[in-house]
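User: I would like to go through the labels used for this model one by one. For each, please set the value against its definition.

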Protein chains: 2
Amino acid sequence: MFAGRKIVSQSLRGVRHYTAPLKDIKFVMNEVYNVDKHFATLKETGGLLATPDLVESILDETGRLATEVLAPLNVVGDRVGCTWVDKHTTKTPPGFKEAYDQFVQAGWGAISYPEKYGGQGLPKSLSIVQADMTASACFTWTMYPGLSKGAINTLLVHGSEALKEKYLHKMIQGEWTGTMCLTEPQCGSDLGQVKTKAEPNGDGTYKISGTKIFISCGDHDMADNILHCVLARLPNAPAGTKGISLFAVPKRKVNADGSLGDFNNVGIDRIEDKMGCHGSSTCQINFEEAEGVLIGSENKGLPHMFTFINTSRVGTAVQGMAAAELSYQKALAYAKERFSMRALSGTKNPEKAADFIINHPGVRKLLMFQKAIAEGGRSMIYECAFLADEMFEAEVKGDTKKVAEIDDRLGFMTPILKGYLTEMGLEAANAGIQVWGGHGYVKDNGMEQIVRDVRIASVWEGTTQIQGLDLLGRKILLGKLKPINNHCSAMYNKIGKVLSESSGATRSRAWGLMLATAELQWNTFKIAKNAMKDKESVGVASVDYLKYCGNITLATHYLFMEHAANKALASGKAVEEKAFYEAKVQMSQFVYDEILARNATLKKTMFTPTESIMGLKINDFSFDYTRV
Amino acid sequence: MFAGRKIVSQSLRGVRHYTAPLKDIKFVMNEVYNVDKHFATLKETGGLLATPDLVESILDETGRLATEVLAPLNVVGDRVGCTWVDKHTTKTPPGFKEAYDQFVQAGWGAISYPEKYGGQGLPKSLSIVQADMTASACFTWTMYPGLSKGAINTLLVHGSEALKEKYLHKMIQGEWTGTMCLTEPQCGSDLGQVKTKAEPNGDGTYKISGTKIFISCGDHDMADNILHCVLARLPNAPAGTKGISLFAVPKRKVNADGSLGDFNNVGIDRIEDKMGCHGSSTCQINFEEAEGVLIGSENKGLPHMFTFINTSRVGTAVQGMAAAELSYQKALAYAKERFSMRALSGTKNPEKAADFIINHPGVRKLLMFQKAIAEGGRSMIYECAFLADEMFEAEVKGDTKKVAEIDDRLGFMTPILKGYLTEMGLEAANAGIQVWGGHGYVKDNGMEQIVRDVRIASVWEGTTQIQGLDLLGRKILLGKLKPINNHCSAMYNKIGKVLSESSGATRSRAWGLMLATAELQWNTFKIAKNAMKDKESVGVASVDYLKYCGNITLATHYLFMEHAANKALASGKAVEEKAFYEAKVQMSQFVYDEILARNATLKKTMFTPTESIMGLKINDFSFDYTRV
């Protein structure tokens, strides 16, 4: 239909690769968010460098890297995985290092970082758009530069100038990478229990001692050095989360002239054997009086680390979306070539012994769900990426009011993105197996790997349960409803605008969303009221509340996409692309009928009486087996 | 609390084993279904042999086998898996054969089969109760005798006396096993496309030629011979499902004296590398003019095979329930020993740095969901097992009216059990990973294996999509609503009885269920009405309708369990076991508030307009990648 429509033809058995959905990416950037106009406002933070031509070529080139270089590595990452050699050597899967070298040589790791430290100074959102493609093609490979991103951001915001000068140039160039070291054997969600110690040496450095587990990309052979961002306790630090500090602890010490020195006392004890994500080394790291330097202020390690954690949470939301995208591409191809049974409404493919399964409504429900999460998730993530651009611009301009406003909004959106898209990404990946039937359960076809890989997404970087409490408890209730009230006010305006410009089915959906938003605000108020008398009711509500918000957010993005599609259709410019825009409207109908409808249940279960959940005594969960 | 409450204490890392939930099993048998009375009615089919003492000892001994012998094999099955050696040799994981020998020597494979062929002649339901335990302990091991069960049932119902005499003694003893060979590379759900050929030799035997794939337990080293039940086409057979016949094709030919002869031309080409279920060999079998014998009538292979398929579908429902049970046991143990953060309502474990996570509502929602599926699923499966006992008794007595009645009812219940419990079993297993957090994603702790193993359950033996169409299309609509009307009438009576004997919260839930049942009947009528004008609407509704029925069924069983618990509490006999019965009532509250509430959404989505699903043109599913 379009010149750009690519034809992928592969054998039934064998892994189907990924194709970067550039048409959809460009639609979201250009027609939903008007990215040229957006970049034009980023006067201090590289927006003016991001000319349409440059952006187009970044997208096309990243798409090529993802499709041609990274996608074929996905199965290798899973099958070969990482290999622990000794405490300073872990090997990544064949091809990972070569792909990383290409990425570094193309300067991709550096595009969104300040020119001062060797970056290209382009808007940060562009690196999220790149991650959309690289993560869908090969998520575990993307984790290595992804973790580095978090470490770089942490240094940029909290590091001393000396620390920045020492590490940032090499990290931004991709010569060195970074990690986040939070979890210990006894604690993950509850970082107040961190035991790793930091003892001052008296010269500005510290001896770091302790064991960290589940450290993603904690060791590898892709770069010469790794900077670990480590949470640890100073002597006599207060108990709990208020006594944690953040340290920069390199794998190899760095000499004054920037050259590499001896190995630090940072040893990899083991790498974990996991369900999936085999391409990423998950390390147990033993720090034995390793030399480290404080990042930021003493005992402020956890707030500092949240710079890193928030970067990673958006990265994890990308993981959910990417799983949906990859699984959808593979499921769609199969649904168009596998034939089984005749359609209920009569023969569709008389030349075959049966009809292609894409004709069956049960298969379509699975495919359209995947598509909705991939494309709707993309729009959700890009919105936040562009907001982060605006925040960074406001920071540079010293507009603290705007920074606070956007920070509040991102604080509200991040747990929804992370919690919702990872849960939906898993469901979408499972839907992909279902479309393939028994062939989806066999490793050769690559469908089951997506499920195994994405299963961790709703666990790491804060489980869905933690995201729910963050959203409802920490953000909304501690914020005295301000985040939700601001959100809903903005929604009424935005939906009102769509209403005034729409007709027919789009207008009906806009009204439906208006009502859903009012109901969201009202239900949040009810939860807050209940919470005053019954604190546990917040925990009972939180996960369902997060999903409830997620469904409304997805529906919101589909309304905006549909609205943009209607505009294009009305403009008459898009005759040859009419089908693309009509499909967006069609998908919006699906999302409202099938996904927003899930809130009918969530509206009930978030008000499940506390007694129903807390009434069962701990000893009475089982009478056949238990532990004292 | 009870003498029988076992204490399991194992290290945090390392696999926790399974403990047979004998107390719950006995509660369902004795107090929900009054099994002594039930067995007493089975005068012709072994019920009188099943004395309470014998039943008790079968349960306890099977529990011991499951807990002590099979549970430790579960991880071995996964890690070592099966090994293909040559076309006649496949090795099962270490310990599988020894456990099978114990099972055979104890006579467990034979308990539910006729004494005429060497069985013990006990009611069939007892073997389902055994499978509850063996499948939870090690599902893949259970598949070997499970598949045999299907083959034995098929021969018993459709085989000639000569065929029965030749094979049944050895198969019932467990010396030989059986398989079902349906799927071919080009077809699984749509067996009308089967291509395997059967050519008559003129002496009553046939030459069977073709390739079958995904044959579970298709080859192994646990028994000397394997009888494959193979679907194939006779020369000039009608096209489609009406031209398929069923053949008995042994791995090794059997001489007239019953001794083993040469290998038949049945070769194993490969075993599949799958997401999970590694303990079960999944074979590609090549039949090259292999010698086979017709089972039953020509061209009636598919209806005959349904004897086997229905056995397997109930077995697959057991798989869903078993995954929930095993994951629940492991998640519960962890939730009682892992501490993280303080409870929202204040400190619960002041002696610890944080509270045990079982105190957190978000964790409880996960655990109670698992428990509801395990215990509710058990009651659902046992009901059908006892119905099958009654049907068999009626068959022997020649009561064709009763046989038809029960057959209708089982035909209605089987897709619900299979479709619903496998989908819920996967969700429950995923909940188990979520409780364990990152530790659940690591292979060592055994949580992720359960997810990988159970993922196939909603695919094989007919996908959830097939079950939905079977329930709504084949059973209810083709049956002109009779199955649902009969079901609802029976429900009104049963619920009415509970209503008349209950008060308080139980009575409220009974009213809630009465309304839900009336709504079910009404919604089914609406679907039937829509279907007259729009056949695709059946496909749009079917999976949601199946889950909708499943939630109501689960709630029904909880009402009956709660009612039984209330009776026990009222009887005063159960002072020392009060907590057990109170927990059942508490769980019922959970099921009504959290699981039955899911129908609020399903009631909407089963009426999603057909346009919303079918309106998207096939070529417009993607504009970035596609296949011609």
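User: What are the helix and strand percentages of residues 93-175 of chain A, and how far apart are the end C-alpha atoms of the span?

Analyst: The span is 67% helix and 0% strand, and its end C-alpha atoms lie 19 Å apart. Helices (H or I, at least four residues) and strands (E, at least two) are DSSP runs, numbered from the N terminus. UniProt, in an unreviewed entry, places the feature "domain: Acyl-CoA dehydrogenase/oxidase N-terminal" at these residues of chain A. UniProt positions are given in the numbering used here, feature names are shortened, and annotations may be inferred rather than shown by experiment.

User: What kind of model is this, and how are its parts numbered?

Analyst: This is a predicted model, in which local features need pLDDT of at least 70, side-chain atom pairs count only at pLDDT 80 or more, and totals for chains, interfaces and linings use all residues. Residues are numbered from 1 along each chain as its sequence is written, chains are lettered from A and ligands numbered from 1 in the order in which they are written, and side-chain values use heavy atoms, with hydrogens and water left out.

User: Why is A:Asp355 called buried?

Analyst: Buried means under 20% relative accessible area, exposed over 50%, and partly exposed in between (1.4 Å probe, protein chains only). A:Asp355 has a relative accessible area of 0%, so the residue is buried. A:Asp355 sits in the loop between helix H9 (301-335) and helix H10 (361-397) of chain A. Not counting residues up to four places away in sequence, A:Asp355 touches several residues, among them A:Arg338, A:Phe339 and A:His360; contact means heavy atoms within 4.5 Å.

User: How far is the backbone nitrogen of A:Lys348 from a polar atom of the side chain of A:Asp355?

Analyst: The distance is 2.9 Å. A polar contact is a pair of N or O atoms within 3.5 Å; within protein, one must be able to donate a hydrogen and the other to accept it, and residues adjacent in sequence count only if both atoms are side-chain atoms.

User: Why does B:Asp257 count as exposed?

Analyst: B:Asp257 has 64% relative accessibility, and therefore counts as exposed. B:Asp257 is in the loop between strand E9 (252-254) and strand E10 (260-263) of chain B. The side chains of B:Asp257 and B:Ser259 are joined by a polar contact of 2.6 Å.

User: Is A:Gln449 buried or exposed?

Analyst: A:Gln449 is buried, because its relative accessible area is 6%. The residue lies in helix H13 (residues 447-454) of chain A and touches A:Asn74, A:Val75 and A:Asp78, again leaving out residues up to four places away in sequence.

User: What makes the pair A:Lys365 and B:Asp544 a salt bridge?

Analyst: A salt bridge is a side-chain nitrogen of Lys or Arg within 4 Å of a carboxyl oxygen of Asp or Glu. The side chains of A:Lys365 and B:Asp544 meet at 2.6 Å, N to O, and form a salt bridge. The count between chain A and chain B is six salt bridges.

User: How much area is buried between chain A and chain B?

Analyst: About 10,800 Å² is buried between the two chains, with carbon and sulfur atoms giving 57%. Buried area is the accessible area (1.4 Å probe) that two parts lose on being put together, summed over both. In contact are 128 residues of chain A and 128 residues of chain B.
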